[in-house]
Amino acid sequence: MAQILSPDEAAARFQASDTMGMPLATGQPVHLVEALGRRDDWFDLKFYSGLLVVSPEVFQKQAVHYLSGFFGPIERALRDMGANISFAPSDFRGFEPLMNALAPRVMATAAALPDDSGNVSLSLHAGAFIDELRRAGADPARQLVVETSPSFPRTLGVPPEHPHSLHVDEIDILVESDAQPFAFPDAEASEADRLIAEHARRFVTDGATLQTGIGGVPSQIAKLLAEGDGGDYGIHSEMFTTGLMHLHQSGKVTNRKGLYDGFSLSTFAGGTAELYEWLDGNEEVRFLPVDIVNDPAVIGRNRKMITINGALAVDIQGQVVADTIAGSQYSGIGGHEDFVSGAALKLENRSLLCLPSTVTIRGKVHSRILPTFPDGTVITTPRHQIDVVVTEYGAAELRGKTIHQRGDELAAVAHPDFREELLEAAERASHGRSPLEHLTPD
């Protein structure tokens, strides 16, 4: 039976040299991490997680080392201030074997309050950590710490194999708190976002199964679908967002997708307080581990799978950068490549990558569609997996196209000021040569 402790009492159980793993984002134990930050006697504390949404105080301490699989604003700030932070390149599915190999002595997670049967819903995050949570709880040499709060919704899995819960008997320490789950506010759609969403909307036919991320474009697409004439949609998405809730509320979601019919499938949720309240006890949404939700073979089995993701830059060949800027880590791989490749397994499926055509840096406008990437660029997704690239100028359909045709398509959706240069690069690339003349050896 779990021992009930306060956050500070639980933090006191950590050794001065210790290791701890916790989920990403909304699965993180808010008050436990704050309590760890109040200790000043760390000798060597190692954290394993990603996309921090909790207090950064403990990660700023000299003897604390943090290995992240996904950078967010807090990770970027910690890196820039010189904290002991490292990045482990991995997609979301890869976090599970990585965590199994690391086997932290302490595993911790956020959760809802126990129900009358002693079951503790894992609330907003299934992800890649369920197996390791259970391993820690079953190992006498390790500790499983679960922070519960009445503000975290009770959500459901797909029992009996995937109940999305722990029993209090599996837990070593139960931390009682009043923590609020981190809220991701609705992003305000820009004019470019609205135009991109309108171009993307035409690929979403009746009966489509949808995956979307967070941001102005996905929110705007969900709004267009909710207000439009179509329907009979299904949802199979790594992240369940406020926009997907609004689509449910419009009555357009039937989840007749041919796989896990009858409910929307996700591996974690992030959105507004309204979303978290709506998810509480909601049988229409189920949470499964990431090795199921993000498996390309599973993704591809859905009816008319349409995946909608963002990108930071694309080159004339169709290579995509989605997690770094000028060679510096900005976010993470997540499920980007899984949902791009999963949608490619059937002709009726489509994968959309959405981005504005330009970015302004220090007052100068730069194209996000480039003849070639500069030295040091880190590619997120290779060219052979890319289907549709959408900007405010239209949609470039690349699947099945030659190198020259791809270049022409991409130039057509670039900002007009950069199209001539891109067309010239496409002409050179069509013969299997570098898109830029000066890069081709004599």
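This is a predicted model: local features need pLDDT of at least 70, side-chain atom pairs count only at pLDDT 80 or more; totals for chains, interfaces and linings use all residues.
Colleague: Which sense, parallel or antiparallel, applies to strands E21 and E22?

Modeller: Strand E21 (residues 358-361) and strand E22 (residues 364-367) run antiparallel and are joined by 4 bridges. Val359 is placed opposite His366 in E22. The hairpin of E21 and E22 has 2 residues between the strands, and Arg362 adopts a positive phi near 50° there.

Colleague: How is helix packing described, and at roughly what angle do the axes of H6 and H7 cross?

Modeller: Two packed helices are described by the angle between their axes and by the distance between those axes. For helix H6 (residues 191-201) and helix H7 (residues 216-227), the axes come within 8 Å and cross at roughly 55°. H6 and H7 are therefore oblique to each other. The crossing of H6 past H7 is right-handed. Residues of H6 in the contact include Ile196, Ala197 and Ala200, while those of H7 include Val217, Ile221 and Leu224. By class, the residues of this H6 and H7 contact comprise 7 nonpolar, 2 polar and 4 charged.

Colleague: What is the orientation of H13 relative to H14?

Modeller: The axes of helix H13 (residues 403-412) and helix H14 (residues 419-429) come within 8 Å and cross at roughly 175°. H13 is therefore roughly antiparallel to H14. Among the residues that meet are Ile403, Gly407 and Ala411 in H13, and Leu422, Leu423 and Ala426 in H14. The residues of the contact of H13 with H14 divide into 7 nonpolar, 2 polar and 3 charged.

Colleague: How many aromatic pairs does the structure hold, and how is one to be read?

Modeller: A pair of aromatic rings is described by the distance of the centres and the angle of the planes. The structure holds 9 aromatic pairs. The ring centres of Phe240 and Trp278 are 5.9 Å apart and the planes lie at 15°, so this pair is stacked. Phe240 belongs to strand E12 (residues 234-240) and Trp278 to helix H9 (residues 273-279), so the pair ties together parts that are 38 residues apart in sequence.

Conventions. Residues are numbered from 1 along each chain as its sequence is written. Side-chain values use heavy atoms; hydrogens and water are left out. Axes are lines fitted to C-alpha atoms, for helices over the stretch in contact, and angles run from 0 to 180 degrees between N-to-C directions. Angles under 35 degrees count as roughly parallel, over 145 as roughly antiparallel, 65 to 115 as roughly perpendicular and the rest as oblique. A crossing is left-handed if the near helix is turned anticlockwise from the far one by less than a right angle, and right-handed if clockwise. Contact means heavy atoms within 4.5 Å. Ala, Val, Leu, Ile, Met, Phe, Trp, Tyr, Cys and Pro count as nonpolar, Asp, Glu, Lys and Arg as charged, and the others, Gly among them, as polar. Rings of Phe, Tyr and Trp (its six-membered ring) pair if their centres lie within 6.5 Å; planes under 30 degrees apart count as stacked, over 60 as edge-to-face and the rest as tilted. Two strands pair if DSSP finds at least two bridges between them.
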